[in-house]
Amino acid sequence: MKLSEELIWRGFIGQHTFDDLSEIDRGDKIFYWGVDPSSDSMTIGNLAAAILSLHFLRAGHKGILLAGGATGMAGGDPDGKDETRAKIDLETIEKNIAGIKSQFQSIFHGEKFELVNNYDWFREVKYIDFLRDIGWHFSMTQLLDRDFVQNRIGEGGKGINYAEFSYSLIQGYDFLHLFREKGATLQLCAVDQFGNSVSGMQMIRKIEGARADVFGMPLVINKSTGKKFGKSEDGAIWLSAEKTSPYQFYQFWLNVDDAGVIDYLKIYTFLSSEEINALAENHFENPGERAAQRTLAHEVTELVHGRDTVASVERVTRVLFGSADFNDLTDEDLDALAKEIPTVNLREDLTIVDALTESEIASSNSEASRLIKQNAISVSGAKIDADQQIKEKSLIKKGKNQFILVK
């Protein structure tokens, strides 16, 4: 498929300013996509836009990836959800940018792209010059009509401060600067940033008399809940292994809803239409196999965390929830597993009852003994009916999904 056809099929088309979308099939544009450093990690919401950028790169377009040091200092995206953003200091911003750039380099490994930080040019911009050269070209009426502004100043809104209101001009200036210095004529974004991105397009037209375009992808929505995809009970799903462990990351994808899994395969993987259509057919005929979810979890975890890590996570998952042998796990697997389940250190006099109570799986010795007698406990895959000493590393399991690692 041509790029435009593939993006349509995969569900990446939200809003765009092209007269004819087939313009992107020529592979001759320089685009940019940016992330605010409100954290030292991107989320899987950012990952969807990163994959859109990868599609453009692989179709021959040249890419610029922007970490928004200046926009982060100004308070970040004015969505009103995180009022602490404006308090981020430069040292934290720099740490966050380092984390984001590292993820850029990992996800875009093997691709040619340029990394930039908008603080590098904004620190040279003088306020009066910015008002004269940039602010003069913007209509307050148009800015006030933007959805994010209306949501903040309308009835029940939290209000909006001047820094937040100016965000659109700052982001627009990024586009103008990258047009002038790098030849960028296209910005990629999610549709919730479309208005801000159009500011840059208008700036290029008014000041430079040149054509530029914006391509906005839809927000990924969980069909089961109607909410923005990528949130769990514990919050966002991060790309950082420190914020969301590879095991938790894999489990998130493994447990996505049946209604949306095929859409997620199209957006978050590079599997071909033939491969995804085959998975869709199998999914609707045999949903209990969860082949689509297992494929999705494998592909996305490998993209973010690498081949060795996804292999380790899958071994651990097969031991916990399948029939794989506990002894097949490597020391690295055990170290990863120890971060996810209660762990008891092996010692000479340790018994099953001790492990159950010390891990708080059982509240007392008597409850632990009762669970053992009821055949509710297994050790490294074997059911037991009496307490015994633990002499080697083991996996104790209660019921279907409570575990203790002894190591």
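**View 1. The largest nonpolar core and Trp253.** The largest nonpolar core in this predicted model has 69 residues, and those with the most contacts inside it are Trp33, Phe56, Trp253 and Tyr268. A nonpolar core here is a set of buried Ala, Val, Leu, Ile, Met, Phe, Trp, Tyr and Cys residues joined through side-chain atoms within 4.5 Å; buried means under 20% relative accessible area, exposed over 50%, and partly exposed in between, with a 1.4 Å probe and protein chains only. Helix 2 (residues 44-58) supplies the largest share of this core, 10 residues. Apart from this core lies another, of 29 residues, with Ile64, Ile134, Phe165 and Val214 among them. Now look around Trp253: leaving aside neighbours within four places in sequence, Trp253 is in contact with Ile44, Phe229, Tyr268, Gln293, Leu296, Ala297, Val300 and Thr301. Contact means heavy atoms within 4.5 Å.

A word on conventions before the next views. Residues are numbered from 1 along each chain as its sequence is written, and side-chain values use heavy atoms, with hydrogens and water left out. Because the model is predicted, local features need pLDDT of at least 70 and side-chain atom pairs count only at pLDDT 80 or more, while totals for chains, interfaces and linings use all residues.

**View 2. The whole protein chain, for orientation.** The protein chain has 19 helices and 13 strands; helices (H or I, at least four residues) and strands (E, at least two) are DSSP runs, numbered from the N terminus. The C-alpha trace spans about 80 × 45 × 40 Å along its principal axes. Of the 407 residues, 48% count as buried. Among contacts with a separation of 6 or more, 71% come from residues 24 or more positions apart.

View 3. Two strands pair if DSSP finds at least two bridges between them. Axes are lines fitted to C-alpha atoms, for helices over the stretch in contact, and angles run from 0 to 180 degrees between N-to-C directions.

**View 4. Strand 3 and its two partners.** Strand 3 (residues 62-67) is mostly covered, with 5 of its 6 residues buried. Strand 2 (residues 30-35) pairs with strand 3 in the parallel sense over 6 bridges. To find your place in this pairing, look for Gly34 opposite Leu66, and for Ile30 with its bridge partner Lys62. Ile64 has Glu114 as its bridge partner in strand 4.

**View 5. Thr185 in its loop.** Thr185 is found between helix 10 (167-182) and strand 5 (186-190). Thr185 is partly exposed, with a relative accessible area of 22%. Not counting residues up to four places away in sequence, Thr185 touches Lys29, Ile30, Phe175, Phe179, Arg211, Ala212 and Asp213.

**View 6. Helix 14 against helix 15.** Helix 14 (residues 273-285) and helix 15 (residues 291-305) pack at an angle of about 140 degrees, with their axes 8 Å apart. The two helices are therefore oblique to each other; angles under 35 degrees count as roughly parallel, over 145 as roughly antiparallel, 65 to 115 as roughly perpendicular and the rest as oblique. Leu279, Asn282 and His283 of helix 14 meet Ala291, Ala292, Gln293 and Thr295 of helix 15.

**View 7. The open sheet of 5 strands and Ser394.** This sheet has the order 9-13-12-10-11, with mixed pairing. Strand 9 (343-344) and strand 11 (382-383) stand at the edges, each with a single partner strand, so one side of each is left without a neighbour in the sheet. Strand 12 (residues 394-398) and strand 13 (residues 402-406) run antiparallel and are joined by 5 bridges. Ser394, in strand 12, stands opposite Val406 in strand 13, and their C-alpha atoms are separated by 5.1 Å. Ser394 counts as buried, at 5% relative accessibility.
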